[in-house]
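Work through these exercises with the model open. Try each task before you read its solution.

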Amino acid sequence: MVTLLAVTGPASLTAPAQAASLTEVTGFGSNPGNLRMFRYVPDGLPAGRPLVVAMHGCTQSAGGFDDETGWTTWADQWGFALLLPQQQSANNLNNCFNWFEAGDIRRDAGEALSIKQMTDRMKADVGSDPARVHATGLSAGAAMTNVVLAAYPDVFAAGAPVAGLPYACATSVVAAYSCMNPGTDLTPAAWAAKVRDAHPGYAGPWPAVSVWQGTTDTTVVPANLTETVEQWTAVHGTDTTPDATDTVNGYPHAVYRDSGGRAVVETYTITGTGHGQPVDPGTGAEQCGTAGAYILDADICAAYHIGRFWGLAEDGGGTGPGAPAQRAVIPGTAADDGYVKASADGAGAAVGALEATMGAAVGRGADGRHNRTLLSFDTSVVPDDATVTRAHVTVTRASGGGDPWAGGNRLLVDVRTGCFGASCATAAEDWAAPATADGAAELVRFTSGSADSTAFTGINRGGPTQLRLRLADPPAAAAYLFLRTGAEARLTVEWE
């Protein structure tokens with residue numbers, strides 16, 4: 001055997017926050033890949049909860065990939081079972097999953113089948129929801145993540161390779177090294193064909209994929225992010241131009257949507273970071289993990305954001321200390337949404353007339369007037385005694401002209417706990433009415449589809465919350481967006 005995607009890390013089993021512990025399971029099937037099976041099941045986990053399969057990197061073990069990456073934290077808080085396959089040195093001297101061996105990456109064969117058999121055992125033992133089974137992994141485990149997504153798209157709803165490689169990039173040792181560095185360049189169609197050939201005749205649905213990559217990774221070079229995106233966007237029948245881009249904890253984030261508007265691929269580019277799993281040690285609402293060799297303190301918890309992409313946080317229900325924030329996704333109040341236009345100094349403000357046909361405008365229109373959008377949300381669902389930990393608004397672009405962000409301009413979100421005016425119905429006075437928090441959040445440049453704002457916390461717990469979207473500086477020429485209102489604008493609020 002050879003050393004491929006070698007990763008080191010602690011091998012001891014550490015106790016998670018709750019009384020549950022990592023335990024080994026035997027007798028899970030024919031196990032043609034000769035793997036070991038470990039699982040972590042939070043105490044009292046009811047049937048019908050999601051299942052996450054998390055695969056370690058080379059020289060790591062199941063016990064070095066549970067707490068360290070933060071996955072046990074979210075298993076406790078959000079309420080899901082965790083399966084951790086483990087490689088053996090008899091198969092690979094450095095305990096790498098054999099993502100480059102043809103016999104281990106096919107459906108119903110080798111290591112891929114062993115992992116599927118473990119998944120079946122978990123579903124039988126703990127009653128996991130078969131529609132919410134997800135896979136993730138680091139390095140060789142990330143490459144094996146793409147293997148099980150391709151070989152068993154009927155089993156896995158979504159996946160998240162971290163510092164990984166496209167499916168079937170290599171079927172030999174020599175090709176494996178070339179895939180890792182400098183990377184293998186194929187067309188999106190060629191990459192997609194490899195996935196479809198893994199399960200001939202399967203017509204979908206295909207797994208959604210969250211792809212993570214460090215920009216200074218010399219073990220698995222960043223070109224592999226590009227190739228993985230090409231593979232999975234082509235499988236989903238969409239292109240390689242992101243529909244939305246923003247930054248999360250300072251790192252570039254992109255989302256690719258299918259024709260129905262579903263986010264099917266996303267990427268996180270961890271700038272200035274090498275080969276490893278990003279974590280953010282601490283006790284904050286979005287923090288997790290313990291830094292170590294190839295478990296990198298990057299001030300972002302990959303497990304947290306991956307879980308959110310999969311929807312694990314939306315219905316999580318942990319109990320006891322560290323229980324998660326409650327979460328609500330609130331649609332806009334269509335009757336009160338709209339936009340106001342005025343001179344750059346606010347003179348002559350009037351309610352815009354195109355909201356019903358074009359959407360709500362932000363920026364300078366072709367008529368030289370400057371537009372601000374008003375979005376209203378009924379946030380009375382948030383309990384009076386709640387502590388809001390995070391909120392963000394999601395908006396969808398209808399059309400636009402010019403570049404509102406040109407010259408470093410910023411699209412800001414003012415927050416009003418209540419209504420900007422005498423009522424929440426859009427009125428001329430809303431253009432300049434004082435906010436509870438000016439510029440509380442920001443929307444970074446996006447050219448199509450939807451985008452999420454940065455986070456803020458100023459939410460009215462007893463009634464409506466209004467948001468005003470405006471450019472920080474008046475553009476010198478026409479540069480504007482039309483945004484969809486009502487249910488197509490959403491406010492996501494989390495609280496404890």
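**Exercise 1.** Which residues of helix 6 are buried?

Solution. Buried means under 20% relative accessible area, with exposed over 50% and partly exposed in between (1.4 Å probe, protein chains only). The buried residues of helix 6 are Asn224, Leu225, Glu227, Thr228, Val229, Glu230, Gln231, Trp232, Thr233, Ala234 and Val235. That makes eleven of 13, so helix 6 is largely enclosed by the rest of the structure.

Two notes on the source. This is a predicted model, where local features need pLDDT of at least 70, side-chain atom pairs count only at pLDDT 80 or more, and totals for chains, interfaces and linings use all residues. Residues are numbered from 1 along each chain as its sequence is written, and side-chain values use heavy atoms, leaving out hydrogens and water.

**Exercise 2.** Check the span of helix 6 (residues 223–235).

Solution. Helices are DSSP runs (H or I, at least four residues), and strands are too (E, at least two), numbered from the N terminus. The expected span is 1.5 Å times one less than the number of residues. Just after helix 6, Gly237 has a positive phi of about 75°.

**Exercise 3.** Is Gln117 buried or exposed? What does Gln117 contact beyond its neighbours within four places in sequence?

Solution. Start with its place: Gln117 sits in helix 2 (residues 110–126). Its relative accessibility is 12%, so Gln117 counts as buried. Contact means heavy atoms within 4.5 Å. Leaving those neighbours aside, Gln117 touches Phe28, Gly29, Ser30, Asn31 and Pro32.
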